[in-house]
Amino acid sequence: MRHGGDVAVSVSRLVDFLSGHAERLGAELHHGFSVRELLVRDGAVTGVRLGDVGRDRDGRPKPNYRRGETVRARITIIADGTRGVLSTQFAGLAGGGANPQVYSLGIKAVVQFPGPSPFGSRRAVHTIGYPDPGVFGGGFVYSMGEKAAAVGLILGLDWRDGELSPQREFEAFRAHPFVAGLLRDGVAVAAGARTIPEGGYFALNRLSAAGALVAGDAAGLVNVEKLKGLHYAVRSGICAADTAWEALERNDVGAAALATYRDRLAARGILDELRHARNFRQSFRWGLPAGVALSILQSHLPVRLGMAEDRRATRPDGRHPRPDPGGMDAATFVALSGSSHREDEPSHIALIDPARCLGCSEALGAPCAHFCPGAVYRAADGGPVLSPSNCLHCMTCMVKCPRDNIRWLPPEGGEGPRYRQL
Ligand code: SF4
Ligand code: SF4
């Protein structure tokens, strides 16, 4: 886990930088719409369908209504991030890994200081076991230049407590005297949350099929042992581009031609690194002390350790409500994410069967009213009441609802959190 010579970067700024680069090289970037569905014919991906634009809250077309267009492509590279709608559809078609994918939720803020950062301008601190040693994950503080630092907490979504609020856990972490001392006089100026696929090697989905390749978090290319995800996103994007280029030149976009993508990932060391960490995340199923010991031995185990879906972990006896740690409330957290959605559009989040919520509320305390870092769900007598305009697009609800009762689709387009510094 030793790293040297690394830099801490803002992902949103890195993406801006890379997209400017791509445009200068002649790539066309299209924004302002969402992609709803993969188009598949005879087992081959043939393109995507975009979402409709201009419907009112009840789904009726408004004067600016535009039906979602169909975009045909010889090769579609799916890179819609963790628990993406398209990559989930692709995994259903092409097949998933031996283990189910499991996730963590990363919750983070950028803190600005009035003068030079007391934390220092070239420093990284990682923590483990706080605020709840029963939850897999850990905290971090990174320098972000001379006057800012990023502080965050990663929580394995297989937590048991139906009333655990990640946003409260984050505030409890920030309130710890050690962390508070590192960040003294700092003011949070940006915040956000996102799930991270952590299942690793045994949870990898199929990486290609006729007409399609999957890259980055969408494919589950994250190494929890080395804390590498962004690196793999960039490297797998390069591998996908090289594979697509070669396939188009040979005029063969069939499954066998695109399967060379896996060889490219192997040649860049990604698959070997993931294989080395193949039982790492599973080692922590038995708690932190056992997990630390087992994680050192895991690469020598001759067996595959299994994992269950995160949604199955919540238990009625797991409830240990945390006293309010103070700090930022949920509304401030959402405001700092800059999230915005058109108020009169159809909700992009829906309960599949509201009747399923009744038993869940009684037994588990309506976990959605706690696990959503955007405070989208409010517990009520007849089931949760939704405020979709708060949504941070983190995908926790699709992973953690114990009854698999939530349907999340991308909203119209150009909406969601506005991360500028994260
Ligand atoms: S949406 Fe899911 S978590 Fe929320 S009350 Fe219904 S079943 Fe439970
Ligand atoms: S509604 Fe779902 S995707 Fe949106 S912020 Fe809440 S948990 Fe995340």
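Visitor: Which residues of H3 are buried?

Guide: The buried residues of H3 are Pro166, Gln167, Glu169, Phe170, Glu171, Ala172, Phe173 and Arg174, where buried means under 20% relative accessible area, exposed over 50% and partly exposed in between (1.4 Å probe, protein chains only). This is a predicted model, in which local features need pLDDT of at least 70 and side-chain atom pairs count only at pLDDT 80 or more, while totals for chains, interfaces and linings use all residues. Residues are numbered from 1 along each chain as its sequence is written, chains are lettered from A and ligands numbered from 1 in the order written, and side-chain values use heavy atoms, without hydrogens or water.

Visitor: On to Ala188: where does it lie, and why is it classed as buried?

Guide: Ala188 lies in strand S11, residues 187-197, and Ala188 counts as buried because its relative accessible area is 19%.

Visitor: What is Ala188 in contact with, leaving aside neighbours within four places in sequence?

Guide: With those neighbours left out, Ala188 is in contact (heavy atoms within 4.5 Å) with Ala109, Val110, Val111, Arg174, Met328 and Leu336. Arg174 is also one of the buried residues of H3.

Visitor: And Leu86, how far is that from Ala188?

Guide: Leu86 and Ala188 are 102 residues apart in sequence, and their C-alpha atoms are 34 Å apart in space.

Notes
Helices (H or I, at least four residues) and strands (E, at least two) are DSSP runs, numbered from the N terminus.
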